[in-house]
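Dear colleague,

I am handing over the structure we spoke about, and my notes come after it. Please read them alongside the model.

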Amino acid sequence: MKKKMVCVLLAGTMVTSIFAGCGKKTGTDNTAADLSLSVTTTFAGEDGNAQNYKDAVAAFEKQEGVKINDASATSDETFKARVQTDFQAGSEPDVLFFFNGADANSFIQEGKVVSIDDIRAKYPDYASNMNDDLITPSLVDNKKYAVPVNGYWEGMFCNTEVLDQAGVEVPGADYTWDQFQADCEKIKAAGYAPIAAALGDIPHYWWEYSIFNHTTPATHLEIPTSVDEGNGPGWVSGMEDIKGLYEKGYFPDNTLSAKDDETFAMFTSGKAAFLIDGSWKVGGIAAACQSDAEDPSTLDKDKLDKFTVTYVPTNGERKATDLIGGLSMGYYISKKAWDDEAKRDAAVKFVEYMTTDDMVAKFAQHTASALKEAPKVDESQFNSLQVKAIDMMAGVTSLTGAAQDLFNGECRVSTFDGMPQIVTGEVDAKDAVAEGLSAYADQTAE
Amino acid sequence: MESSIYKKKRALIVFLVPAFLFMAVFLYYPFFRNILNSFQSIPSLGAGSKGWNTPWYTNYVKLFQDVNMRRALINTLIMMLVTIVGQVGIAIVLALMVDNVGKGGKFFRTVYFFPIVISATALGLMFNLIFLYDKGMVNQLLELLGKSTLTDWKDSAHALLVMMLPVMWQYVGFYFVILITGLNNISEDLYEVAAIDGATRWQRVRYITLPLLHNVICTCIVLAVTGSLKVFDLPWVMFPKGMPLGKTWLTGTYMYYQAFNTNNVDYSSAIAVLIVVLGIITSKIVNKVFKEVEY
């Protein structure tokens with residue numbers, strides 16, 4: 001009899017444990033003491049603001065007594081897929097720092113985030129320090145959802161030690177494609193890889209600028225309807241430019257098999273001369289010059305002085321000083337958190353805390369922000385590369401958003417993941433672009 | 001009274017039901033749902049279906065036209081051969097040697113089993129460093145031996161070998177332990193009798209050990225072949241997105257790529273169905289070829 005009882009109890013426990021997580025939570029049992037917010041951002045990994053973010057979260061937790069369950073991760077395609085899946089599965093974060101382009105379309109279409117106007121109806125001062133004209137509206141309904149913090153730019157970093165060895169000057173504001181190719185030839189002859197890029201892993205920056213070289217700041221964001229119309233021929237020419245550079249041997253020998261961090265290490269260790277990347281790499285390069293990547297006090301200033309950042313060579317109507325950049329991300333508050341009265345206030349407070357004038361200035365550094373009145377930045381706190389970035393930004397003639405932010409998901413497969421096939425000639429550039437545009441047409445038709 | 005629990009079947013059912021429910025909810029339902037998904041149009045992960053594909057078998061037609069899928073199938077077949085020869089084969093040799101070694105048998109068992117307890121992701125990162133182009137262990141060793149140029153071990157010519165070596169190395173210990181257990185079940189008396197009859201060490205292995213290990217080897221081969229169909233973590237860490245030039249796709253990595261990188265969920269479901277079908281077919285073939293025998 002005893003055994004029977006044990007059997008029944010054990011079986012009962014197993015059944016209960018199976019369904020333990022399936023119950024639907026009704027209402028909220030959060031009290032001020034145990035209130036927590038789930039937050040996802042891209043301030044992680046090599047992002048230059050990863051430490052600023054950690055510090056800010058710790059200070060917010062101390063000030064408000066709200067626990068932040070942080071799930072920040074490096075921004076890549078896997079991160080984007082994870083966020084979108086979380087929204088679809090109903091396990092979205094309460095606050096999200098995410099892209100404001102096509103990547104956000106799916107959860108905005110489903111009404112899973114709250115617009116800034118809706119938040120202002122209850123919290124009139126929400127994001128009131130921001131210039132609304134600079135907040136990017138959604139592609140879905142033209143409403144504004146994401147409160148921006150720091151902008152970004154994409155430029156060309158140079159390892160001046162390699163340039164000196166090859167007898168090449170640091171490129172300036174009027175740098176042309178022909179000059180760039182002549183410099184690459186010299187660098188290659190001196191035994192270095194001219195361009196640090198992993199075309200098999202992250203061809204994104206070359207993709208964007210190669211296309212930008214054949215469009216203009218005014219037309220760059222127009223996705224062509226076919227390879228023969230609008231920007232279509234420019235897109236094909238852009239891909240062929242990358243192919244040309246590959247055929248001339250200007251990328252590292254392992255560009256098709258290397259990961260981005262490998263070619264980045266080649267650049268920082270003095271084996272490659274040029275690197276096209278985003279403003280977040282300023283922090284990454286500085287970290288590579290520290291003996292302890294987590295501790296800025298261990299920075300080797302002499303080593304960092306050997307790096308600079310400049311404009312990307314032009315091959316068309318675009319001026320070299322026309323850069324890709326803008327405010328592509330911001331803080332969203334999810335509908336789920338908004339509908340939870342206990343969390344609503346905490347979520348609003350968190351976004352307000354992370355977007356105060358001082359906080360934005362701290363995060364933005366050498367990039368743009370949407371602040372109405374940006375506080376004066378103390379440049380003495382900046383390292384030499386940050387100062388060079390500020391100097392470069394002073395000469396920028398325009399900042400244009402990235403076309404790839406509008407061209408996401410399956411559309412990118414043929415020209416992003418398919419870049420190795422394009423540069424090796426396995427797939428014709430025109431066919432690859434046509435395949436991507438066809439996927440885009442299908443996507444926008446849905 | 002004490003043994004009534006074994007006579008009355010009701011108690012057994014009470015124990016079986018939770019496990020059955022668990023399997024039904026977390027295995028069979030997703031499996032059948034996945035089959036349905038493969039015929040439908042699903043815009044992204046977690047999103048609802050937008051209806052049936054037109055025609056409904058679109059994804060299965062695509063499977064046969066997709067160059068990357070063809071490459072994934074060929075590589076998976078190669079992986080199967082590698083697992084049979086490289087994992088089970090080497091495990092047999094090691095098990096026989098360790099079984100015959102006098103002292104240190106336990107030491108070798110631990111050494112060979114150790115890779116199994118390390119996570120595949122960690123192993124992938126470690127082998128990435130070993131085969132790194134610039135400052136990788138292999139290239140540094142070659143440099144010490146006088147080689148003046150760097151070799152890209154992850155290029156098209158070497159990628160498949162470099163991907164399969166760690167996978168092979170990782171699982172040798174698994175089959176080694178199974179085989180060692182099989183060897184321990186062979187009576188020492190048989191070896192003693194054979195030795196008295198004048199059998200050499202090789203003859204004892206050939207005519208006693210291998211025939212009596214036959215069924216264990218069969219089990220190992222079935223596990224190895226079906227396991228090779230779902231190899232994912234280590235290859236993905238070393239060669240994400242089929243790098244380079246789509247030369248390293250496996251059915252498992254390609255399915256993941258379609259689901260999580262391109263958001264092509266329904267096509268990914270079709271690949272998953274194909275993996276299951278291939279698993280059933282190959283295990284049937286292996287069972288047929290390596291029939292279990294009764295002694």
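Predicted model: local features only at pLDDT ≥ 70, side-chain atom pairs only at ≥ 80, totals over all residues.

Residues are numbered from 1 along each chain as its sequence is written, chains are lettered from A in the order in which they are written, and side-chain values use heavy atoms, without hydrogens or water.

In chain A, the assignment (automatic or from a database) gives domain 1 as 35–151 + 327–375 and domain 2 as 154–325 + 388–445. Their C-alpha centres lie 28 Å apart, and 15 residues of domain 1 are in contact with 16 residues of domain 2, contact meaning heavy atoms within 4.5 Å. Together the two domains of chain A bury about 1,200 Å², 50% of it on carbon and sulfur atoms; buried area is the accessible area (1.4 Å probe) that two parts lose on being put together, summed over both. Of the area that domain 1 buries against domain 2, A:Glu46, A:Ala102 and A:His366 supply 44%, more than any other three residues.

Chain B has 13 helices and zero strands, these being DSSP runs (H or I, at least four residues, for helices; E, at least two, for strands). Its C-alpha atoms fill a box of roughly 80 × 75 × 35 Å along the principal axes, and 43% of the 295 residues of chain B count as buried, that is, under 20% relative accessible area with a 1.4 Å probe, protein chains only.

Best wishes

Methods: Buried < 20%, exposed > 50% of the residue type's maximum accessible area, 1.4 Å probe, protein only.
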